[in-house]
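This briefing goes with the sequence and structure shown below, and it is meant to be read alongside them. Please keep both in view and find each residue as it comes up.

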Amino acid sequence: MAINCTVNKKKVSLDIDPNTPLLWALRDHLSLLGTKYGCGIAQCGACTVWVNGEPMRSCVLPISAVSNAQITTIEGLDPAGKHPVQQAWDELDVPQCGYCQAGQIMTAAGLLKNNPHPTDQEIVDGMSGNICRCGTYHRIQEAVKLASKKFKK
Amino acid sequence: MKTSRRDFLQKTALFTGVFTLGFDWFSADASAMEVVGSAGRFNAFLSIDSLGKVILYSPNPEIGQGIKTAFPVVVAEELDVDWAQVQVEQANLDTKLFERQLTGGSGALKHSWERLRKAGATVRKMMMQAAADQWKVDVRTCKTAKGVVLGPAGQKATYGSLAEAAAKLPVPSELTYKDRKDYKIIGSRVKGVDNKNVITGKPLFGIDIRKPGMVFAQIVRPPFGASLKSFSAEDVKKMPGIIDVVSFKNKVAIVGENTYSILQARASLRCDYGSDAPLESTDTHQKWFDEGMKSDKAQVMRKDGDFTAAIATATKVIEATYECPFISHSPMEPMNFFADVKADSVLLAGPTQVPQPAQKAVSDLLKIPTDKIQVEISKMGGGFGRRLSNDFVLEAAELSSIIKKPVLVMWTREDDMTGGTYRPAVRYHFKAGIDASGNIVALYLRGVGLNAGNSTRQDNFPVGAIENVLIESIDQKSAVTTGPWRAPITNFLGFAEQAFLDEVAEAAGKDPIQMRLALLDKVKTKPVGKITYEPARFEEVIKQVAEKAQWKKKPGVHQGFSVYYSHLSYVAQVAEVKVENGKPKVTKVTAVTDCGEVVNLSGAENQVKGAIIDGMGHAMFAKLNFQAGVASPNNFNTYRMIRGNEVPVIDAHFVNNGIAPTGLGEPALPPTGGSIANAIYAATKKRHYKQPFN
């Protein structure tokens, strides 16, 4: 039986194995390639998307669990790249290789949605579930802070 | 950087009004624009069309080191155009246009600096000549600014308007380069040219490649040293979404329609392996280290004076043994590659640091000439040296040739972490003798590496300052595959050398910084043997870091020092450790780097900070164990990567002395383990001899 859900405000129907992790449904079946595979066991955060507005690890989330859910991927955050977190990421030149950054951005945007003005420690704690092998951690933390200021305006 | 619509309309008007007629420019896309201007590919690195669109081609693979931004910065500076006007494109493999189209050894800017400047300055001169001809003035009276030639009587002509005429001129032989005080782009903070695509989730990486008719595959590889005896394919082939199961070179490839089908099929696949010799374990490797240290078959890498005689006269002898394990590169994007092998042509696409050797290797494997093999270079989700090996390219090509389909071979994280070409495991033994005044009179080093090649760097400072030196290396062959890992060999040797010197300084009763400065003074006044580094540049980074970090002037803060020369750059570091709840915590690292001219300050800071975090994380946590030829751990739950809540403050400074730029992707890593270990010792009186520390 097909699983129906909404991805980036578009209704989609997935007639595939209901155990398929959302990550692979997005990448292999919906051609949304912005969400990245990093570990497959919810350890690195590269695959982070929003499910009903909450950041989730799509690599371990079967599509059967997202029936009727609203899913937002990096492509849907703001396709023009104008979301405060995206703007901050560009302004502070955060990416090195860039591979983990979709997950970092979705985590950061989720963090700020729930807590628009986090303390430095809340930023560090909120972002430390995401691995960046290039070591862009300082700029990630600064960019979350900058994005938080942009929300104020 | 796309031309804005307004810009575009203005330039169209400058070129000719004709093209605006009967065409809705407001919906014009990039491909429509291509049709209009007659593109002038002035040289390998740049083209300017009649509309003034400047495209700069970056030939070297981008793995996160920022080369796709840094190269065009240099060309744009000498071309004298506004950075906002420039569009950057990744050039695919083209052996006729480019030399050294690879990423490795922190060598790209060192190699290409003059070429890039020349590429820009040549076209700037041609633009000036075209304008001078048009205005009938002496070219020496013309100037340029932001892509416009300025004449002596106030004339102005854009590069776009001059492009056609300039393209017909002979290439000038005499060029003038900008004075560095006039640099507008070089040395400024330039944002990554791919940022916009990264933050909006565009498909940029190898894993994102999609081609018509493409299938997916994963490959099950044998334990190191084992061979495939049999496997159960029939049931697996019948599973949903599975297209084929084939075997080659002791591997089993599962070909399918999508990733999840393949993952499920893998869980059902049974492979039986055998081996002629016992398979390796970590115990085997320890035994080999012990034997290597006792062996009389070491290769002498450097000999100055008479170490044996000198050590006998020493008043104090310091000895220490250091050891590092095999570790994985673990870039965030696991290995993957696309190949489409047809009878007489091949398309390769994906993340490789070495497209030309990849092309050659596939040519040798499939007996198809290189001119029939096209290589598209994708952006890479990290490399760290892993993508200097072409094992994954060859696998994809061989599989495509067997199944006769375009295929994207994907490695899981577990495949990536257990699939080899690791940083080699190495053990070092150091011995130093000091005389009554605390001077080092004799130095010995033996490195025993497992598939490490020469595990020493025999000319490294303080060699050159010591009269009696003996450096030896032994390489033990192992079935565990190895390859370059960010700052090959020095990523650990740097720690061992800098930790040992700290111990020697303590035994000699000297300050670690003063001891090094005295040794460098010796190199300047009375060098011993061949010297491969510049002592004055060493001194400068040391003095600057001592000042910036307030060396030994911060009460309650425990500091550790290191300094290293690698990839032609110099990096000095002071690490700081505080003891919290009885445990040492690295709170800050100050680094001063001499990489010559800083091309992009933003990118340079990223490289230094990233390399320090990389060096610290791997020194603290990374280790692979082996049992029956199989590596463990195999994923990030047990193979610890440093995280954002574990990084110290990093204060990165650059000497920026205007010398032609040298490497920056690697040089800040080798000194990191040493500065941190020395700071931990200052805080706890406990020395680390093995990595990982934890």
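Predicted model: local features only at pLDDT ≥ 70, side-chain atom pairs only at ≥ 80, totals over all residues.

In a strand pair of chain B, S47(B) stands opposite I55(B), which belongs to β3(B).

- In general, the strands of a sheet are joined by backbone hydrogen bonds, and the pairing may be parallel or antiparallel.
- The open sheet is built from 4 strands of chain B in the order β1-β2-β3-β4, and its pairing is mixed.
- Which strands stand at the edges of the sheet? They are β1 (40-43) and β4 (86-90) of chain B, and because each has a single partner strand, one side of each is left without a neighbour in the sheet.
- From one strand to the next, the twist of this sheet averages 25 degrees.
- Helix α3 (residues 67-79) of chain B packs on the sheet, where it touches β2, β3 and β4 of chain B, and its direction makes about 135 degrees with that of β3(B).
- Another helix, α5 (residues 159-167) of chain B, lies across β1 and β2 of chain B and runs at about 70 degrees to β1(B).

*A pair of helices*

- Helix α11 (residues 355-366) and helix α12 (residues 391-403), both of chain B, have axes that come within 10 Å and cross at roughly 40 degrees, and the crossing of α11(B) and α12(B) is right-handed.
- On the α11(B) side the contact is made by A358(B), A361(B), V362(B), L365(B) and L366(B), which meet V393(B), L394(B), A397(B), E398(B) and S401(B) in α12(B).
- Sorted by class, the residues of the contact between α11(B) and α12(B) are 8 nonpolar, 1 polar and 1 charged.

*One residue followed through the model*

- Q134(B) is part of helix α4 (residues 108-135) of chain B, and, leaving aside residues up to four places away in sequence, Q134(B) touches A157(B) and A165(B).
- Is Q134(B) buried or exposed, or partly exposed? It counts as partly exposed, because it has 15 C-beta neighbours inside 10 Å.
- Q134(B) and W411(B) are 277 residues apart along the chain, and their C-alpha atoms are separated by 59 Å.

*Backbone features*

- F384(B) is not a glycine, and yet it has a positive phi of about 60 degrees; its place is in the loop between β17 (373-377) and α12 of chain B.
- F384(B) is buried, because 29 other C-beta atoms lie within 10 Å.
- I489(B), which is also not a glycine, has a positive phi of about 65 degrees, and I489(B) sits in the loop between β21 (468-476) and α14 (490-508) of chain B.
- I489(B) counts as buried, because it has 23 C-beta neighbours inside 10 Å.
- S632(B) and P633(B) are joined by a cis peptide bond whose omega is about -5 degrees, and P633(B) is found in the loop between β26 (630-632) and β27 (649-654) of chain B.
- A cis peptide bond also runs from Q691(B) to P692(B), with omega near 5 degrees, and P692(B) lies in the segment after α18 (670-684) of chain B.

*Where the two chains touch*

- The contact between the chains takes 47 residues from chain A and 43 residues from chain B.
- On the side of chain A that touches chain B, the elements that give two or more residues are α1 (22-29), α2 (74-77), α3 (84-91), α4 (101-114), α5 (120-127) and α6 (137-152) of chain A.
- Which element gives the most to this side of chain A? It is α6(A), with 4 residues.
- By class, the side of chain A that touches chain B has 23 nonpolar, 17 polar and 7 charged residues.

*Confidence*

- The model scores ipTM 0.98 and pTM 0.94, while chain B averages a pLDDT of 93, with 94% of the residues scoring at least 70.
- Over residues 1-37 of chain B, however, pLDDT stays under 50, and for this stretch the model has 32 contacts beyond four places in sequence.

Note on methods:
Residues numbered from 1 in each chain as written. Chains lettered and ligands numbered in written order. Axes fitted to C-alpha atoms, helices over the stretch in contact; angles between N-to-C directions. Left-handed = near helix turned anticlockwise from the far one by under 90°. Contact = placed C-beta atoms within 7 Å. Nonpolar A, V, L, I, M, F, W, Y, C, P; charged D, E, K, R; others polar. pLDDT = per-residue confidence, 0-100. Buried ≥ 20, exposed ≤ 12 C-beta atoms within 10 Å, placed from the backbone. Pairing = 2+ DSSP bridges.
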